[in-house]
Amino acid sequence: MEDDDECPPLAVELPRETPSPPPAGTSSDSPVGVTVITGYLGAGKSTLVNYILSAQHGKKIAVILNEFGEEIGVERAMINEGQGGTLVEEWVELANGCVCCTVKHSLVQALEQLVQRKERIDHILLETTGLADPAPLVSILWLDDQLESSIRLDSIITVIDAKNFRLQIDEHKNSSSFPEAFHQIAFADVVILNKIDLVEDSLEDLERQIHGVNALVTVVRSVRCQVDLNKVFDQQAYGSKNSSQLQELLEYSKSVPPNLRHDNSISTLCICEQDPVSLAKVESWLEDLLWERKSDMDIYRCKGILHVHNSDQVHTLQAVREVYEVLPAREWSKTESRTNKIVVIGRNLDINILQDSFSHCKH
Ligand SMILES: Nc1nc2c(ncn2[C@@H]2O[C@H](COP(=O)(O)OP(=O)(O)OP(=O)(O)O)[C@@H](O)[C@H]2O)c(=O)[nH]1
């Protein structure tokens with residue numbers, strides 16, 4: 001049970017506008033998508049939230065802020081509440097603590113409060129404070145029993161300050177450590193490479209560095225986070241529907257040059273195996289890797305499709321740190337070749353160990 005002494009989240013009602021009908025393809029009981037926004041201090045997270053709130057997208061959006069002690073209220077004051085666009089319906093600040101530990105209870109409560117409202121919210125933005133490792137947060141949003149089917153984690157967006165990122169990389173070039181920002185890239189589904197107006201030389205190198213860490217991430221360049229909002233909403237990065245997109249990303253990941261990998265840094269690898277696998281064996285393989293940590297590998301994120309023995313369904317695999325999920329997604333089409341492909345993002349990855357241990361999952 002969580003600590004009940006925590007202050008309940010503060011919800012601020014804002015004036016209402018005429019409610020808009022739910023966007024096409026949504027129903028009042030489908031889960032509300034949550035986008036987590038991470039990024040270093042000053043990268044442009046609030047700028048992104050402001051941009052989303054003032055854009056014309058016809059969605060009702062709620063924002064949850066995670067702030068520390070004295071900052072409370074400052075961040076809130078700096079957000080323009082839906083100027084010229086759809087209104088922010090509710091605002092919840094999570095006080096005193098890091099979202100991944102002390103305020104878990106408040107976060108769940110805040111989310112419940114939002115989704116139980118009579119008027120439907122279409123999307124929730126969760127802006128975090130410089131969180132280096134969003135994995136615990138992801139597991140709350142993804143798997144919390146209390147929230148069950150009322151919300152779904154849609155994607156993690158990491159905002160990067162292009163200028164500072166370049167400096168960080170240069171600083172770490174000759175050391176065995178790696179830029180902290182790499183962590184956030186490893187977990188991201190979308191990276192917004194922001195402040196490109198401040199970078200004079202080529203951005204391709206920076207993008208390659210980002211893809212060297214996480215070959216699956218979509219990189220969008222921006223000035224003041226003015227991005228195509230289709231890249232923000234409905235990414236379904238944790239759902240089972242994106243397996244066809246995964247295929248494309250996998251193809252792309254093969255084209256990322258291996259020389260962009262730092263030795264003991266974070267990288268992406270792909271395990272491929274044609275033969276059908278046993279679901280139980282895959283689960284115990286994952287548990288060995290993610291829970292028992294039998295090797296030196298530190299795995300942050302896995303995404304993949306599985307060809308399961310005796311099943312006509314494509315199974316999707318998702319893992320964030322030690323939390324994983326394997327689910328049947330859809331039927332294999334007649335034209336597809338049935339295969340297993342798993343992308344692994346983490347530190348000290350060893351393709352031989354991964355490939356070899358996975359081969360024992362064959363039926
Ligand atoms: N030149 C330039 N400045 C930008 C850009 N995007 C944001 N800024 C400025 O950068 C500063 C920090 O932006 P914020 O959006 O507050 O950054 P944040 O990540 O929310 O910051 P914290 O809440 O402190 O972590 C502000 O002064 C913004 O106006 C950009 O693309 N180019």
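Biologist: Where does L203 lie?
Modeller: In this predicted model, L203 sits in the loop that runs between β7 (190-194) and α7 (204-213).

Biologist: Is L203 buried, exposed or partly exposed?
Modeller: L203 counts as partly exposed, because 14 C-beta neighbours fall inside 10 Å; a buried residue would need 20 or more.

Biologist: And which residues is L203 in contact with, leaving aside those within four places in sequence?
Modeller: The contacts of L203 are A162, L193, I196 and R221.

Biologist: How far is L203 from V232?
Modeller: The C-alpha atoms of L203 and V232 are 21 Å apart in space, and the two residues are 29 apart in sequence.

Biologist: Is K195 buried or exposed?
Modeller: K195 counts as buried, because it has 23 C-beta neighbours inside 10 Å.

Biologist: Turning to the ligand, how many residues surround it, and which are the closest?
Modeller: The ligand is surrounded by 16 residues, and K195 is among the closest, together with G44, K45, S46 and T47.

Biologist: Which element gives the largest share of that shell?
Modeller: Helix α1 (residues 45-54) does, with three residues.

Biologist: What is the make-up of the shell by class?
Modeller: Seven residues of the shell are polar, five are nonpolar and four are charged.

Biologist: Let us change topic to α9. What do its length and its end-to-end distance say?
Modeller: Helix α9 (residues 279-292) has 14 residues, so at 1.5 Å a residue it should span 20 Å; the C-alpha atoms at its ends are 19 Å apart, which agrees.

Biologist: Which residues of α9 are buried?
Modeller: V282, L286 and L289 are buried in α9. They cover an arc of only 70 degrees around the axis, which means that they are on the same side of α9.

Biologist: What is on the face turned away from that side?
Modeller: That face of α9 carries the exposed residues A280, W291 and E292.

Biologist: What covers the buried residues of α9?
Modeller: The cover includes three strands, namely β10 (298-307), β11 (313-320) and β12 (323-331).

Biologist: And what follows α9?
Modeller: R293 follows α9, and its phi is positive, near 50 degrees.

Biologist: Staying with those strands, how many residues of β11 are buried?
Modeller: Seven of the eight residues in β11 are buried, and the strand is mostly covered.

Biologist: How do β10 and β11 pair?
Modeller: They pair in the antiparallel sense over seven bridges, and C302 stands opposite A319 in β11. Five residues lie between the strands of this hairpin, and N310 there takes a positive phi near 65 degrees.

Biologist: What about β11 and β12?
Modeller: Those strands also run antiparallel, joined by eight bridges. V314 has R330 in β12 as its bridge partner. The hairpin of β11 and β12 has two residues between the strands, and R321 in the turn has a positive phi of about 50 degrees.

Biologist: Moving on to N348, where is it placed?
Modeller: N348 is in the loop between β13 (340-347) and α10 (351-359). Its phi is positive, near 55 degrees, and N348 is a residue other than glycine.

Biologist: Is N348 buried, exposed or partly exposed?
Modeller: N348 counts as partly exposed, because 14 C-beta neighbours lie inside 10 Å.

Biologist: And I351, is it buried or exposed?
Modeller: I351, found in helix α10, counts as exposed because it has 12 C-beta neighbours inside 10 Å; the cut-off for exposed is 12 or fewer.

Biologist: How far apart are I351 and T268?
Modeller: They are 83 residues apart in sequence and 9.8 Å apart in space, from C-alpha to C-alpha.

Biologist: Lastly, what does the protein chain as a whole contain?
Modeller: The secondary structure of the protein chain comprises 10 helices and 13 strands. Of its 363 residues, 40% are buried. Among contacts with a separation of 6 or more, 81% join residues 24 or more positions apart.

Methods: Residues numbered from 1 in each chain as written. Predicted model: local features only at pLDDT ≥ 70, side-chain atom pairs only at ≥ 80, totals over all residues. Helix = DSSP H or I, 4+ residues; strand = E, 2+ residues; numbered from the N terminus. Contact = placed C-beta atoms within 7 Å. Near = placed C-beta within 6 Å. Nonpolar A, V, L, I, M, F, W, Y, C, P; charged D, E, K, R; others polar. Expected span 1.5 Å × (residues − 1). Arc of directions from axis to C-beta. Pairing = 2+ DSSP bridges.
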